[in-house]
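Look at the sequence and the fold before reading on. The questions below go through the model piece by piece.

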Amino acid sequence: DGTPRASLSDFSDDINSVAFSSDGRLLATAEEDQRARVWDWASGCEVARFTDFHHPVADVFLIDNGRRLVATEVDWTTYQGGRTTVWDLATQQLEASVDGYRALALHADSQRLAGCDVDGNLAIWKLPTLEAIATWRGNTGRIRCAKFSPDGRDLATGAGDVNNLNLWRLDDLSVDRFPSDNLFGTRSLAFAPDGSLLISVA
(Lines give C-alpha, C1' and ligand atoms only; values in the text may rest on other atoms or scores of the structure.)
Protein backbone atom coordinates (compact mmCIF):
# COMPACT_ATOMS: atom_id res chain seq x y z
CA ASP A 1 0.00 0.00 0.00
CA GLY A 2 3.05 2.28 -0.20
CA THR A 3 3.43 2.68 3.55
CA PRO A 4 7.12 2.74 4.62
CA ARG A 5 8.09 -0.31 6.67
CA ALA A 6 10.98 1.50 8.35
CA SER A 7 12.93 4.74 8.05
CA LEU A 8 16.32 6.14 9.02
CA SER A 9 16.70 9.87 9.57
CA ASP A 10 19.97 10.52 11.41
CA PHE A 11 21.81 12.04 8.44
CA SER A 12 23.46 15.44 8.09
CA ASP A 13 24.15 15.22 4.33
CA ASP A 14 23.26 13.23 1.22
CA ILE A 15 23.26 9.44 1.09
CA ASN A 16 25.07 8.33 -2.08
CA SER A 17 24.22 4.63 -2.01
CA VAL A 18 22.88 1.87 0.22
CA ALA A 19 23.36 -1.91 0.35
CA PHE A 20 21.80 -4.78 2.29
CA SER A 21 23.68 -7.75 3.69
CA SER A 22 22.83 -11.06 2.02
CA ASP A 23 20.51 -12.06 4.88
CA GLY A 24 18.73 -8.70 4.91
CA ARG A 25 19.56 -7.97 8.56
CA LEU A 26 21.98 -5.10 7.98
CA LEU A 27 21.91 -1.99 5.82
CA ALA A 28 25.02 0.02 4.90
CA THR A 29 24.90 3.68 3.92
CA ALA A 30 27.50 5.61 1.91
CA GLU A 31 27.39 9.22 3.04
CA GLU A 32 28.49 12.51 1.52
CA ASP A 33 30.00 13.73 4.80
CA GLN A 34 32.91 11.27 4.49
CA ARG A 35 31.56 8.38 6.50
CA ALA A 36 29.88 5.01 6.10
CA ARG A 37 27.54 3.43 8.61
CA VAL A 38 25.90 0.05 9.13
CA TRP A 39 22.43 -0.29 10.62
CA ASP A 40 20.35 -3.06 12.11
CA TRP A 41 17.37 -2.89 9.78
CA ALA A 42 14.81 -4.32 12.21
CA SER A 43 15.55 -1.88 15.04
CA GLY A 44 16.93 1.07 13.06
CA CYS A 45 19.95 1.18 15.40
CA GLU A 46 23.43 2.05 14.20
CA VAL A 47 25.79 -0.89 14.74
CA ALA A 48 29.02 0.40 13.16
CA ARG A 49 30.47 3.69 11.97
CA PHE A 50 33.49 4.25 9.72
CA THR A 51 34.99 7.73 9.38
CA ASP A 52 38.55 7.19 8.12
CA PHE A 53 37.84 8.73 4.72
CA HIS A 54 39.20 11.86 3.03
CA HIS A 55 36.42 12.23 0.45
CA PRO A 56 32.69 11.50 0.25
CA VAL A 57 31.83 7.80 0.35
CA ALA A 58 30.29 6.94 -3.01
CA ASP A 59 29.47 3.24 -2.80
CA VAL A 60 29.18 0.53 -0.15
CA PHE A 61 28.77 -3.25 -0.21
CA LEU A 62 28.28 -5.75 2.62
CA ILE A 63 30.02 -9.10 2.15
CA ASP A 64 30.61 -12.33 4.08
CA ASN A 65 27.06 -12.35 5.50
CA GLY A 66 27.49 -8.83 6.81
CA ARG A 67 30.82 -9.41 8.53
CA ARG A 68 32.72 -7.01 6.26
CA LEU A 69 32.06 -3.65 4.63
CA VAL A 70 33.50 -2.57 1.28
CA ALA A 71 33.52 1.20 0.77
CA THR A 72 34.72 3.55 -1.95
CA GLU A 73 35.51 7.22 -1.53
CA VAL A 74 35.87 9.71 -4.37
CA ASP A 75 36.43 13.44 -4.92
CA TRP A 76 33.37 14.46 -6.96
CA THR A 77 35.01 17.61 -8.34
CA THR A 78 37.98 15.88 -9.98
CA TYR A 79 37.18 12.16 -9.60
CA GLN A 80 40.76 11.83 -8.38
CA GLY A 81 41.72 10.36 -5.05
CA GLY A 82 39.53 7.30 -5.32
CA ARG A 83 40.14 4.61 -2.73
CA THR A 84 38.45 1.27 -2.14
CA THR A 85 38.66 -0.28 1.32
CA VAL A 86 37.53 -3.43 3.15
CA TRP A 87 36.62 -3.17 6.85
CA ASP A 88 35.90 -5.75 9.54
CA LEU A 89 32.53 -4.91 11.10
CA ALA A 90 33.25 -6.43 14.52
CA THR A 91 36.58 -4.68 15.08
CA GLN A 92 36.06 -1.76 12.66
CA GLN A 93 39.64 -2.30 11.51
CA LEU A 94 40.87 -1.77 7.95
CA GLU A 95 41.72 -5.09 6.29
CA ALA A 96 42.63 -4.12 2.71
CA SER A 97 42.74 -1.08 0.43
CA VAL A 98 43.42 -0.08 -3.17
CA ASP A 99 44.29 3.52 -4.03
CA GLY A 100 43.20 5.21 -7.23
CA TYR A 101 40.26 2.90 -7.94
CA ARG A 102 36.55 3.23 -7.29
CA ALA A 103 34.53 0.06 -6.69
CA LEU A 104 31.43 -0.16 -8.87
CA ALA A 105 29.98 -3.68 -8.95
CA LEU A 106 29.83 -6.70 -6.67
CA HIS A 107 29.70 -10.16 -8.23
CA ALA A 108 26.75 -12.38 -7.27
CA ASP A 109 29.08 -14.70 -5.36
CA SER A 110 30.28 -11.73 -3.23
CA GLN A 111 33.84 -12.91 -3.79
CA ARG A 112 34.73 -10.59 -6.65
CA LEU A 113 34.52 -6.83 -7.05
CA ALA A 114 34.85 -4.69 -10.18
CA GLY A 115 36.11 -1.12 -10.26
CA CYS A 116 37.80 1.54 -12.34
CA ASP A 117 40.23 4.43 -12.13
CA VAL A 118 39.77 7.96 -13.47
CA ASP A 119 41.42 7.09 -16.81
CA GLY A 120 39.00 4.30 -17.69
CA ASN A 121 41.15 1.35 -16.62
CA LEU A 122 39.17 -1.55 -15.18
CA ALA A 123 40.02 -4.10 -12.50
CA ILE A 124 38.47 -7.12 -10.86
CA TRP A 125 39.62 -7.96 -7.34
CA LYS A 126 39.29 -10.98 -5.09
CA LEU A 127 37.49 -10.31 -1.83
CA PRO A 128 38.24 -9.66 0.95
CA THR A 129 41.95 -9.22 0.12
CA LEU A 130 41.48 -6.91 -2.90
CA GLU A 131 44.05 -9.00 -4.74
CA ALA A 132 43.87 -8.15 -8.46
CA ILE A 133 42.45 -10.94 -10.62
CA ALA A 134 42.43 -8.94 -13.87
CA THR A 135 43.21 -5.40 -15.03
CA TRP A 136 42.68 -3.95 -18.50
CA ARG A 137 42.03 -0.81 -20.49
CA GLY A 138 38.29 -0.14 -20.49
CA ASN A 139 36.33 2.79 -21.91
CA THR A 140 38.08 5.79 -23.44
CA GLY A 141 36.19 8.12 -21.10
CA ARG A 142 35.56 8.16 -17.37
CA ILE A 143 33.56 5.11 -16.36
CA ARG A 144 30.46 5.97 -14.36
CA CYS A 145 28.85 2.61 -13.66
CA ALA A 146 29.28 -1.14 -14.00
CA LYS A 147 27.20 -4.27 -13.50
CA PHE A 148 27.96 -7.98 -13.55
CA SER A 149 25.60 -10.16 -15.56
CA PRO A 150 23.44 -12.53 -13.45
CA ASP A 151 25.60 -15.53 -14.43
CA GLY A 152 28.79 -13.58 -13.63
CA ARG A 153 30.35 -14.18 -17.04
CA ASP A 154 30.05 -10.62 -18.37
CA LEU A 155 30.65 -7.11 -17.07
CA ALA A 156 28.78 -4.13 -18.51
CA THR A 157 30.36 -0.68 -18.13
CA GLY A 158 28.96 2.75 -18.88
CA ALA A 159 30.95 5.93 -19.44
CA GLY A 160 30.58 9.54 -20.47
CA ASP A 161 32.07 9.31 -23.97
CA VAL A 162 30.52 8.33 -27.32
CA ASN A 163 31.44 4.65 -26.82
CA ASN A 164 29.65 4.84 -23.53
CA LEU A 165 28.28 1.29 -23.17
CA ASN A 166 30.52 -1.79 -23.32
CA LEU A 167 29.85 -5.45 -22.58
CA TRP A 168 33.00 -7.35 -21.60
CA ARG A 169 33.30 -11.16 -21.82
CA LEU A 170 35.35 -11.95 -18.74
CA ASP A 171 36.79 -15.24 -19.97
CA ASP A 172 38.85 -13.51 -22.68
CA LEU A 173 38.12 -9.76 -22.13
CA SER A 174 36.60 -9.43 -25.60
CA VAL A 175 34.06 -6.62 -25.85
CA ASP A 176 30.84 -5.65 -27.58
CA ARG A 177 30.60 -1.87 -27.92
CA PHE A 178 27.32 0.00 -28.25
CA PRO A 179 27.94 3.55 -29.58
CA SER A 180 25.37 6.19 -28.74
CA ASP A 181 24.66 9.75 -29.78
CA ASN A 182 23.65 10.53 -26.21
CA LEU A 183 25.82 13.46 -25.11
CA PHE A 184 25.43 12.70 -21.42
CA GLY A 185 26.77 9.15 -21.41
CA THR A 186 25.50 6.26 -19.30
CA ARG A 187 24.69 6.80 -15.62
CA SER A 188 23.20 3.48 -14.51
CA LEU A 189 22.93 -0.14 -15.70
CA ALA A 190 20.72 -3.12 -14.90
CA PHE A 191 20.42 -6.66 -16.26
CA ALA A 192 17.16 -8.57 -16.49
CA PRO A 193 17.19 -11.50 -14.02
CA ASP A 194 17.79 -14.01 -16.84
CA GLY A 195 20.52 -11.86 -18.42
CA SER A 196 18.66 -11.50 -21.70
CA LEU A 197 18.33 -7.72 -21.47
CA LEU A 198 20.69 -4.92 -20.45
CA ILE A 199 19.10 -1.59 -19.59
CA SER A 200 21.09 1.66 -19.60
CA VAL A 201 20.02 4.99 -18.17
CA ALA A 202 21.41 8.30 -19.40
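Q: Which residue in β12 stands opposite asparagine 121?
A: Strands here are DSSP runs (E, at least two residues; helices are H or I, at least four), numbered from the N terminus. β11 and β12 (residues 131-137) pair in the antiparallel sense over six bridges; two strands pair if DSSP finds at least two bridges between them. The residue opposite asparagine 121 in β12 is arginine 137.

Q: What pLDDT do local features need in this predicted model?
A: Residues are numbered from 1 along each chain as its sequence is written, and side-chain values use heavy atoms, with hydrogens and water left out. The model is predicted: totals for chains, interfaces and linings use all residues, side-chain atom pairs count only at pLDDT 80 or more, and local features need pLDDT of at least 70.

Q: Which residue in the hairpin of β11 and β12 takes a positive phi?
A: Most residues other than glycine have a negative phi, and most peptide bonds are trans. The loop between β11 and β12 holds proline 128, and the peptide bond from leucine 127 to proline 128 is cis, with omega near 5°. The hairpin has four residues between its strands, and the positive phi, near 60°, belongs to leucine 130.

Q: How many residues of strand β5 are buried?
A: Buried means under 20% relative accessible area, exposed over 50%, and partly exposed in between (1.4 Å probe, protein chains only). By that test strand β5 (residues 57-63) is largely enclosed by the rest of the structure, because its buried residues number seven of the seven.

Q: In β6, what is the bridge partner of valine 60?
A: β5 and β6 (residues 68-73) pair in the antiparallel sense over six bridges. Four residues lie between the strands of this hairpin. The partner of valine 60 is alanine 71.

Q: What is the phi of aspartate 64?
A: Aspartate 64 is in the loop between β5 and β6. Its relative accessibility is 23%, so aspartate 64 counts as partly exposed. Although it is not a glycine, aspartate 64 has a positive phi of about 55°.

Q: Which residue makes a side-chain polar contact with threonine 29?
A: Threonine 29 lies in strand β2 (residues 26-31). With a relative accessible area of 1%, it is buried. Its contacts (heavy atoms within 4.5 Å), leaving aside neighbours within four places in sequence, include Phe11, Trp39 and Val60. A polar contact is a pair of N or O atoms within 3.5 Å, one able to donate a hydrogen and the other to accept it within protein, with residues adjacent in sequence counted only if both atoms are side-chain atoms; at 2.8 Å, the partner is glutamate 31.

Q: How much space lies in the largest cavity?
A: On a 1 Å grid over the protein atoms alone, a cavity is a set of points where a 1.4 Å probe fits but cannot get out, a pocket is an open set with protein on both sides within 12 Å along at least five of seven lines, and lining residues have an atom within 4 Å of a point. The structure holds one cavity of 30 Å³ or more. Residues lining the largest cavity include Tyr79, Arg102, Cys116 and Arg142. Points are joined across faces, edges and corners, and a volume is the space filled by probe spheres set on them; for the largest cavity that is about 100 Å³.

Q: Which strand gives the largest share of the lining of the largest pocket?
A: The largest pocket has a volume of about 640 Å³. Of its 25 lining residues, the closest to its centre are Asp59, Arg102, Leu104, Arg144 and Cys145. Elements giving two or more residues to the lining include β1 (15-20), β5 and β9 (102-106). The largest share, five residues, comes from β13.

Q: What is the C-alpha separation of threonine 91 and alanine 48?
A: Threonine 91 sits in the loop between β7 (83-88) and β8 (94-99). It is partly exposed, with a relative accessible area of 46%. Threonine 91 and alanine 48 are 43 residues apart along the chain, and their C-alpha atoms are separated by 9.3 Å.
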